[in-house]
Amino acid sequence: MTDKAADWQVLASSQGTALYGPQRIVCLTEEPTEWLYLLGEERRIVGISGYTVRPPRAREEKPKVSAFLSAKIDKIVELRPDCVIGFSDLQADIASQLVKKGIQVTIFNQRSVAEIFSMMYQLAAMVGQEARGLALIRGMQQRLLEIEATAATLKRRPRVFFEEWYDPHISAIAWVSELMGIAGGDDCFPELASQPMGKDRIIADGSEIVRRNPDIIFGSWCGRKFRPDHVLARSGWENVNAVKNKQLFEIKSAEILQPGPAALTEGVEQIHRLVVQWSKTHA
């Protein structure tokens with residue numbers, strides 16, 4: 001197989017759809033890398049984000065060519081990709097530079113659970129794995145329905161504050177808020193979840209978090225280790241239920257803040273387990 005289908009006759013003689021999609025892919029974020037590995041199409045990946053940790057072997061097998069807001073444009077060009085896949089308007093500048101180099105770029109902008117599933121299906125179709133992709137997606141959806149059904153039986157639902165950053169406080173993005181709801185918790189700041197940009201989810205006055213009195217606080221500080229002691233030491237927070245009862249937990253960024261398979265599996269499972277644990281002790 002050539003790196004890229006050179007002409008229509010090659011496509012015409014192929015028996016499947018694999019050659020129609022990109023053969024050399026650079027992933028500017030982790031979630032397309034993880035998804036392509038799950039689809040068994042990791043051979044197509046020629047470059048990844050330096051923040052990639054899932055799957056662990058990707059870091060050993062693939063060259064790292066980008067951060068989140070920056071990329072090694074010359075290195076990407078040298079890799080001769082026929083598609084670069086990125087996420088969100090925050091990577092628009094990277095995309096623009098690559099397009100000007102004549103490289104195809106696909107930027108997804110998934111912000112909700114439904115949009116994550118849509119992105120995953122589209123990417124599976126791009127690499128000729130519609131059936132496998134859909135089977136994996138259906139499995140994840142079924143598990144979310146099971147979690148949601150279990151959550152519906154809880155006698156009490158905790159108020160949950162998800163802290164994406166601590167200075168200033170930034171609350172949960174849409175897919176995280178949705179997953180907390182599926183898992184059995186109620187987002188303390190649901191009105192902010194629809195805002196796609198972190199700057200629009202800033203809670204400038206920490207006393208508002210205190211007033212809403214979360215029962216559980218999840219921290220996922222954008223790649224930085226969450227420190228419960230930092231929360232416990234906040235002035236005026238001593239009467240917050242989550243602080244009084246030491247219900248302060250880290251969900252690693254790679255498992256909840258990447259809008260891809262990890263959030264829909266490991267991330268939501270962790271939240272659900274802790275919510276159920278809380279509910280059993282507060283029935």
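Rings of Phe, Tyr and Trp, the last represented by its six-membered ring, are taken to pair if their centres lie within 6.5 Å; planes under 30 degrees apart count as stacked, over 60 as edge-to-face and the rest as tilted. The model is predicted, so local features need pLDDT of at least 70 and side-chain atom pairs count only at pLDDT 80 or more, whereas totals for chains, interfaces and linings use all residues. Residues are numbered from 1 along each chain as its sequence is written, and side-chain values use heavy atoms, with hydrogens and water left out.

The structure holds 5 aromatic pairs. One of them joins tyrosine 166 and tryptophan 221 in a tilted arrangement, with 4.3 Å from centre to centre and 40 degrees between the planes. This pair links distant parts of the chain, 55 residues apart: tyrosine 166 lies in strand E7 (residues 165–166), and tryptophan 221 in the loop between strand E11 (216–219) and helix H10 (228–232). Helices (H or I, at least four residues) and strands (E, at least two) are DSSP runs numbered from the N terminus. Tyrosine 166 counts as buried because its relative accessibility is 16%, and tryptophan 221 does so at 1%. The term buried stands for under 20% relative accessible area, exposed for over 50% and partly exposed for values in between (1.4 Å probe, protein chains only).

A tilted pair is also formed by phenylalanine 218 and phenylalanine 249, at 6.3 Å centre to centre and 40 degrees between the planes. Here phenylalanine 218 in strand E11 is linked to phenylalanine 249 in strand E12 (residues 248–250), 31 residues apart. Phenylalanine 218, at 0% relative accessibility, is buried, as is phenylalanine 249 at 17%.

Strands pair if DSSP finds at least two bridges between them. Strand E6 (residues 159–163) runs parallel to E11 and is joined to E11 by 4 bridges, with phenylalanine 161 opposite isoleucine 217. E11 and E12 also run parallel, joined by 3 bridges; glutamate 250 in E12 is the bridge partner of glycine 219.

Helix H8 (residues 174–183) is mostly covered, 8 of its 10 residues being buried. Among the buried residues of H8 are Trp175, Leu179, Met180 and Ile182. Glycine 184, which follows H8, has a positive phi near 115 degrees.

A search of the whole structure finds 1 cavity of 30 Å³ or more. On a 1 Å grid over the protein atoms alone, a cavity is a set of points where a 1.4 Å probe fits but cannot get out, and a pocket is an open set with protein on both sides within 12 Å along at least five of seven lines; lining residues have an atom within 4 Å of a point. Grid points are joined across faces, edges and corners, and a volume is the space filled by probe spheres set on the points. The largest cavity holds about 40 Å³ of space. Its lining includes Thr29, Glu31, Phe87 and Met119, and strand E4 (83–87) supplies the largest share, 3 residues. The largest pocket has a volume of about 910 Å³. It is lined by 35 residues, of which Phe68, Cys222, Gly223, Leu257 and Gln258 are the closest to its centre.
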